[in-house]
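Visitor: Pick one part of this model and walk me through it up close, please. I'd like the cut-offs along the way.

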Amino acid sequence: MEKGVSDPEKVRKFLEGDPRVIAPLVLGAVLTHYSEAGPVAVRLTEVEAYMGPRDSEHPDPGSHTFGGPTARNAPMFGPPGFLYVYFTYGMHYCANIVCGPAGSPSALLLRAGDIVEGEGLATVRRPASKTHKDLASGPARLASALGLTTADTGRDALASPFSFWLPKTPVAAVASGPRVGVAGPGGSTEYPWRFWIEDDPTVSRYKAARPRNRA
């Protein structure tokens, strides 16, 4: 496993950029969570970029910030490098790393990755996974394998008990397309803000959002 830059100041400066530009460069980065049960590290293979509110410079109808600030999405309005973890479907946690300068909400959803350390612990947390490649193949699986919950939202992903290593060199084969499961315009081809490593077995399968019942 070849890791590159880990200095928090340098990584935070990098994350101040536009997540649509950062996203393909983050592929191959390694996020580690050092919990009391032990460390688990995931090499990112798939991420999605999310931008700001409807009245911002880059409105994103698929973003949790589109309607403006709330208690839940508050971390996205803060400085880069912090976690935004939310609970969805009454059963799953999903983790994001905040990007952009403070006050300009944007983030990268950590969609999928390859467990490169702590596979045993990740397997305990993900007993339904039948193979190594399934341990973090999907945002809920990734958050579960890392042991992340909403208790971690607002925590600094660049400081203990976490570490974040940017890849030493950019991934050569990167693909992009519509975001997964995003309803409405934000899930259309006009927002090809999902980025993944081509042919990587841990990348999640594309699934369009179900049409909303407006009856």
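**A close look at helix H2**

Guide: Let's take H2, whose buried residues pack against helix H1 (8-15), S2, strand S4 (92-99), strand S5 (106-117), S6 and strand S8 (194-197). Packing here goes by contact, meaning heavy atoms within 4.5 Å. Helices (H or I, at least four residues) and strands (E, at least two) are DSSP runs, numbered from the N terminus. Keep in mind that this is a predicted model, where local features need pLDDT of at least 70 and side-chain atom pairs count only at 80 or more, while totals for chains, interfaces and linings use all residues. Numbering starts from 1 along each chain as its sequence is written, and side-chain values use heavy atoms, with hydrogens and water left out.

H2 itself covers residues 19-26, and its buried residues are Pro-19, Ile-22, Ala-23 and Val-26. They sit on the same side of H2, because their arc around the axis is only 115 degrees. That arc is taken from the directions from the helix axis to the C-beta atoms. Buried means under 20% relative accessible area, with exposed over 50% and partly exposed in between (1.4 Å probe, protein chains only). As for the spacing, an α-helix has 3.6 residues a turn, so residues three or four places apart point the same way. Just after H2 comes Gly-28, with a positive phi of about 100 degrees.

One of H2's packing partners, S2, spans residues 38-50.
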